[in-house]
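Colleague: I am new to this model. Please tell me what its labels rest on as we go through it.

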Amino acid sequence: MTSAEPHKTQSEHLLTTQAEGVRTASEDSSPATGHIPARHHPVTQPSEAQIRRWRRYLADEESEARIYRYLAQRAEGKDREILMQVAEAEKRHQQHWRDMLGEHAGKPSRPSLSSAILQFLARHFGSVFILAMAQRAESRSPYAEDPDATEEMAADEAIHEEIIRALATSGREKLSGNFRAAVFGANDGLVSNLALTIGITASGASSSMVLLSGIAGLLAGALSMAAGEFVSVRSQRELLDASQPTQVTLRVASDLDINANELELIYRARGMDEEAAHHRALERFGYLDCDCDPSLSHRADEEGEEENVALGTDIGAAAASFSFFASGALVPILPYIFGLSGLWAMLLSLLFVTMALGFTGGIVGLLSGSSPMRRGLRQILIGLGAAGITYLLGLAFGTTLG
């Protein structure tokens, strides 16, 4: 990973601090123990609305802790440790609401429906999608506006969101290559074939002609998408490979004229300053034996072995584009395949594509940590807008040709 590493390092530091806070949460604050987040004293006469709200908060905090423990069970190494510490940190918030409720705590309430669903998914599946959902859940915390929650609790929720974001980054990077090709392939298939079939239907063509055009559009589009993805990903990989440093400095250093050569210019071209480049040149000539800036060196053990996970593989991207474009393009012609025609076939085609676009848009929104409903609605509007334009064009051509 690149940009996510600093976030993880900072997150681990923050979690260590939080874990210490959990261990000392039940103790009185003092100069020796440091700052402990201020607690509200138990309220002896809370309103019914407060009791219900606090019990719901408590149930959700307990559910969040279980979610992170379930995710930790499916994680490995550092990720497992971080998730377990986040789960432990949730105890501070649980204790706050127990203190607020006092004798009104009673039996544990049920968590919200969204928390219950997320808990079920984390227990039985556990993936980057669940981490993305957990990130979004943390971002919707009401503590910043609730006067009964402390400022420290609102800050904790913001930190937890950033921790989960950092953990989800690795999974997003692994998915982003082939997943991007799959999602955009499906969307292209849905929109392009819907527009094609709607336009031809509006022109007055027979149902068999609409079906034939839809199948031709499916095959042509899927093959075009696959070829385009293959060439795109292969070209990007070749550009990356061409940009990697080679071992030429090690191979030819012994044959260079020590007093007249351009070895230092290689290192300056790679990004070193003049002093560091001179130092590296002396290393290559054997005057120094340390590798003081290995980040700009060629690493033979990694050559050809580590692929750029954000790109995905060329064959994988092409196969995903073909498959998902074809599956997306199949949806608009399903009514025609089953023998329907005319207005009913067109309306069913619109309905099926609307549902599919909402689903794919929601998946992208979920993975990106934004609103699935908003992303789904955006996809639907774009798809139906394209279909509407081709419908009008089809009517115009049908009238002209007629």
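Modeller: Helix α4 passes helix α5 in a left-handed crossing. The crossing is called left-handed if the near helix is turned anticlockwise from the far one by less than a right angle, and right-handed if clockwise. This is a predicted model, where local features need pLDDT of at least 70 and side-chain atom pairs count only at pLDDT 80 or more, while totals for chains, interfaces and linings use all residues. Residues are numbered from 1 along each chain as its sequence is written, and side-chain values use heavy atoms, with hydrogens and water left out.

Colleague: Why are α4 and α5 called roughly antiparallel?

Modeller: The axes of α4 (residues 113-124) and α5 (residues 128-139) come within 10 Å and cross at roughly 150 degrees. Axes are lines fitted to C-alpha atoms, for helices over the stretch in contact, with angles from 0 to 180 degrees between N-to-C directions. Angles under 35 degrees count as roughly parallel, over 145 as roughly antiparallel, 65 to 115 as roughly perpendicular and the rest as oblique. The angle is over 145, so α4 and α5 are roughly antiparallel to each other.

Colleague: How do you know that α2 and α5 are roughly antiparallel?

Modeller: The axes of α2 (residues 48-74) and α5 cross at roughly 155 degrees and come within 12 Å. That angle is over 145, and therefore α2 and α5 count as roughly antiparallel. Helix α2 also passes α5 in a left-handed crossing.

Colleague: Why is M100 called buried?

Modeller: Buried means under 20% relative accessible area, exposed over 50%, and partly exposed in between (1.4 Å probe, protein chains only). M100 has 1%, so it is buried. M100 is placed in helix α3 (residues 77-101), and its C-alpha atom is 8.9 Å from that of P46, 54 residues apart along the chain. Of the 402 residues of the protein chain, 39% count as buried.

Colleague: Why does Q95 count as partly exposed?

Modeller: Q95, also in helix α3, has 30% relative accessibility, which is between the two cut-offs, so Q95 is partly exposed. The C-alpha atoms of Q95 and E61 are 9.7 Å apart, and the two residues are 34 apart along the chain.

Colleague: What makes the contact of E88 with K91 a salt bridge?

Modeller: A salt bridge is a side-chain nitrogen of Lys or Arg within 4 Å of a carboxyl oxygen of Asp or Glu. The closest N and O atoms of E88 and K91 are 3.1 Å apart. About one helical turn separates E88 and K91, because they are three residues apart in helix α3.

Colleague: Is E161 buried or exposed?

Modeller: E161 has 17% relative accessibility, under the 20% limit, so E161 counts as buried. E162, at 29%, is partly exposed.

Colleague: How many salt bridges does the structure hold?

Modeller: The structure holds seven. R53, D146 and D148 are linked in a network of salt bridges.

Conventions. Helix = DSSP H or I, 4+ residues; strand = E, 2+ residues; numbered from the N terminus.
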